[in-house]
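Hi,

Here is the structure I promised to pass on.

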Amino acid sequence: MTEEELKRKIRVRGGHQASAKRIIAAAEESLQVFDPNNPETVIKVKQQLTTLKEKMKTLSVHDEELLSLVKEEEIENEIEQADIFKERLQHSIVSIEMALEKIANETLAHGSTVSGTSPSSSNLPQAMRVIVTKALGSTWTLDKMLDTVKSELEARERANMLSSKPASKPPYSPHPRGYSSAAALLNNGTPPTCTYCKNTHPSVHCNVVTNPNARKQILQKEGRCYICLRKNHVSRGCTSSLKCYHCGKRHHASICNARPSRNENEKETHNVDHEGTKPPKDQKSNDTPDNKKTNNTPDNKQTPHEERKSHSLYIENGTSILLQTAQAEAYKSDAPETSIPVRVILDSGSQRSYITTELRDKLNLPTLKSEPLMIKTFNSERESVQVCDVVQLCIGKEGSLAVNLNAYCVPTICSPLVNQNTRVSQSQYDHLASLKLADETSGIEAATIEILVGSDQYWQLVTGEVVKGESGPTAMNTKLGWVLSGPIERSTVSHQPVTNLACTHVLKCAANPLKDGVGLDNEIKKFWELEALGIQPEEASVYEDFTNTISRKDGRYEVQLPWKHSHPVLPDNYKASLQRFHSLYNRLKQTPRILEEYDNVIKDQLQKEIVERVNESEACEIGKVHYLPHHAVIRRDKETTCLRVVYDASSKSNGISLNSCLYTGPSLSQNILDILIRFRSFKVAMISDIEETFLMVSIAEVDRNVLRFLWVDDISKEKPEIIILRFTRVVFGVSSSPFLLNATIAHHIGQYEIVDPTFIERFLENIYVDDLSAGGASVSDTYEFYVKSKLILAEGGFNLRKFMSNSKELMNKIDANESRLQITTDSTNNSNDTASVMSTSSDQASSNELVNAEGPMNAVGLEDESYTKTKLGSGKPIFNQGEQKVLGLRWNTSTDCFLFDLKSLVENAKNCEPTKRNIVSVVSSIYDPVGFLSPITIRLKILLQELHERKISWDEPLDVTSKSAWFKLVGELEKVEQMVFPRCFVVGVEEEVMSYSLHGFCDASVKAYAAVIYLKMETLHGVYVSFVTSKSRVSPLERQLIPHLELLSALILARLIDNVERALKSVINLGPLTCWTDLKVSLYWITQLDKEWKQFIQNRVIEIRKLK
């Protein structure tokens, strides 16, 4: 037994278990609405009991087979898991048997016979009572009556399925609106509609609206009953006998507060297609005998002008119908090497052939023309004009002639087909045994249709040869192989009860040109609204939507969340969030000081109106209620413990998170390397950050309910009450927040572009999210920049703070101005006026109080770092006087140098087991965007590549050679002292620089290639050179010749020097660029413009020339 076969058996067993779960859920619903006097409900329950018993036997066989195949150490766990599921299955069987036993007891108590006028028989339609009376006489036993009714229903349904008579009115079709098909087969029952979110699942299992109080609000708003969920009456007047199966009280189970909590995995797997109440009495179900009779009466004739359709509902255990599908290779006519495997459906009922837009994009098919078609859409009586692109492609199979097709592009052809089990069909029927099928599938997975071949090109593929047996599917020969169509008999498919809705549609497309003015007014409107056919103009970008919705309110900017246009319904994840909250609160209680500070953070946010308490009585829009789990990030050091509250917007409920529903937004930030290169060009440098940037931007009222979170009213209580809060400001942790912040600042700063365009350009190119890294040629120039930045940001509600500079003179001027602003703010606060937007944070005061109260060793404070500082760089915080971080790099303002210390890296390397995973972790901790450490990092990269080449797994101990190489590198790094690099390019240059020029060098070896750039500065008294940046790469795994590697090094040099030139052009007047290489071969390739080289060389040479 191979591993693949074992996996297949496990998947088969899993499929049976999933099927059993659906039947169990359906049985639970059936028992809720069970009426002993209604033969139909009794028959349904009996069928479910029979099926469950068959499932029990089938699962037992599969369990025994798997026990003989699994590893010995897994046997105990396998038995336990199988017994758990069997216990659940047995519970349902016993429940049904008890309900049926109750009927039998009642029958014995009232006599074993039933007359034609008894209550049981009165529930039958008149036509059915006549049939039962004919078969059994005037007096029957209840069991015989039920058997007769069951036989009659199955006979009628089979007749409906095989009948070719058109119906006057199609029965209800469970096709989702997103799928319009020319030939579709849906193997499932009619899905219920949820009362709360309107999706197709039972109301009792709704995971979009999970809060019982919120559900009650929806029922009140829509005027629905609390017991049966129907409209036009209240609970007092409800005639339903339904009771909650959780608590036994008289209300619907979906609004019961005593419902057992289920984890998220259960929610995902327990999604069944049934509803928790009876259908309304005034709406007849499509599967009643009366309805079936009406649909098949001879009186329901069709007029010659009507579209011919046949609709029938056939219910039988394990029935499946095969459609004419084939697997093939599709490709562009002139590019057969770009072929893609596809699934084709042949449909002679469609007048045109179609291809999905997704496949068209993959094959990059050009549009031949756009043609208007008169299309009658499915389930619609109105015709509409639609414009479709026409493309040409080829389809074929290996060993057969390809066929050219012209097809119309549409987003979706039909819903994925299920139960297309052609392999079982071929093994079951003798007349199919020797045929080479065009589509060999097991029917387990849904088959996505990407091409539909209609009558216009149907006979290009079909040869006309047909093989038909006494029973089973019919085979038709095509150029792609034999395709099957028709029903599979019951014995050939699974025993799962399935409801198949077979629909045949004829797609009507006008072949002749349309006359002018046919429905012109309506069709022009439709033309511009045909989003599904891809003819609408491109949607506005996320940034354009942002600029249209941003507003100013109460002195600060207010923005909306950038929702994806087709995002799934965001679930109400109250339960999952509540579970995580309990876990968090229990952990925090173990460290009271951390809990107290955590509570202080939230209280402070409440006081500042950053968060607000939710009014739970207010009704909320469906899909607009979501909870953010949160936790503490604690950073401990010698003196303090810094705490930051982090909110998890990536937490998933049923596979959906808030972040997955939002656009991340375009990156509006400058490149970090560009900012650092410009920062090194300033003689006088200055850094600062914007205080609590995210909390300075408000979120619109319409989006606040998706930013809810849970906390307690009073942590001092023994049993505090859980309260619901929500954010009113942009939240740190939501994927779109950096974009919203960048876009808000850019929007605000951009308003001053007309007044001072030079300053605006200078500010925007030196800010990264909320960190400003700028400077100037002199103290006065930089101070002027500081003043303008401070004032303009303050007008937008932002406070620029934490200034650091290499110039003591500049710092004295800034400190003096900040002190004046602080005095003004304090006096304003004392007079109860509105607080200035330049006020300092109260978090520092809170932290100081803690230090004074309990000493530095026990101090706990709120971490007061900018967004950038929390995301960039690594290692421990800096406490040496005069040191600060600039976009993740350590900067000593006293010496005006960047510092690198590898001691922590060496310690981590020595303290961990040398495995591939740990080595990657150590190497990735090096943060060096400029390339100061390239000679070190390239050796580490080479080692990682060697580990990959040796195919060493992540946690496998290294071999002797690799381990020796790793320890040798670590030993060499241990000897390296703190490395110091000048921040400023012109350090030590006192005289005026007459000219600047960039010089780049590239080189390669067998293992790596690299590029480095220097800035050359010429003065009247000499020449100075300063390192700018460098980049290195390991050689490709596929061995290359040295000239090829030299060409690759020249390519990264060309890219790098082009980037550096663009970064410096606003601050330095650069002269000509010069690139150097030590290999004449690569230089010859680049300079010979009239030559044409091989593809590898030519592509790279072209890019280098463009960059030059």
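Among contacts in the protein between residues at least 6 apart in sequence, what percentage join residues at least 24 apart? The answer is 71%, where a contact means heavy atoms within 4.5 Å.

Some ground rules before the rest. This is a predicted model, in which local features need pLDDT of at least 70 and side-chain atom pairs count only at pLDDT 80 or more, while totals for chains, interfaces and linings use all residues. Residues are numbered from 1 along each chain as its sequence is written, and side-chain values use heavy atoms, with hydrogens and water left out.

Now the overall picture. The protein has 30 helices and 37 strands; these are DSSP runs numbered from the N terminus, with helices being H or I of at least four residues and strands being E of at least two. Of its 1108 residues, 47% are buried (under 20% relative accessible area, with exposed over 50% and partly exposed in between, using a 1.4 Å probe and protein chains only).

On to the rings. There are 27 aromatic pairs in the structure (rings of Phe, Tyr and Trp, the last by its six-membered ring, with centres within 6.5 Å; planes under 30 degrees apart are stacked, over 60 edge-to-face, the rest tilted). One of them is Phe 1001 with Tyr 1014, edge-to-face at 6.2 Å centre to centre and 75° between the planes. Phe 1001 sits in strand S34 (residues 993–1004) and Tyr 1014 in strand S35 (residues 1008–1019), 13 residues apart. Phe 1001 counts as partly exposed because its relative accessibility is 36%, and Tyr 1014 does so at 30%. Both belong to one aromatic cluster, whose members also include Phe 898, Phe 900 and Trp 1076.

Two rings have a charge over them (NZ of Lys or CZ of Arg within 6 Å of the ring centre and within 35 degrees of the ring normal). Arg 552 lies over the face of Tyr 557, 4.7 Å from the ring centre, and the charged end of Lys 813 is 4.5 Å from the centre of the Tyr 783 ring.

Last, a sheet. Strands S30-S31-S32-S33, in that order, form an open sheet with antiparallel pairing (two strands pair if DSSP finds at least two bridges between them). S30 (883–886) and S33 (979–982) are at the edges with a single partner strand each, so one side of each has no neighbour in the sheet. Inside it, S31 (residues 889–892) and S32 (residues 897–900) pair over three bridges, and Asn 892 stands opposite Cys 897 in S32.

Cheers
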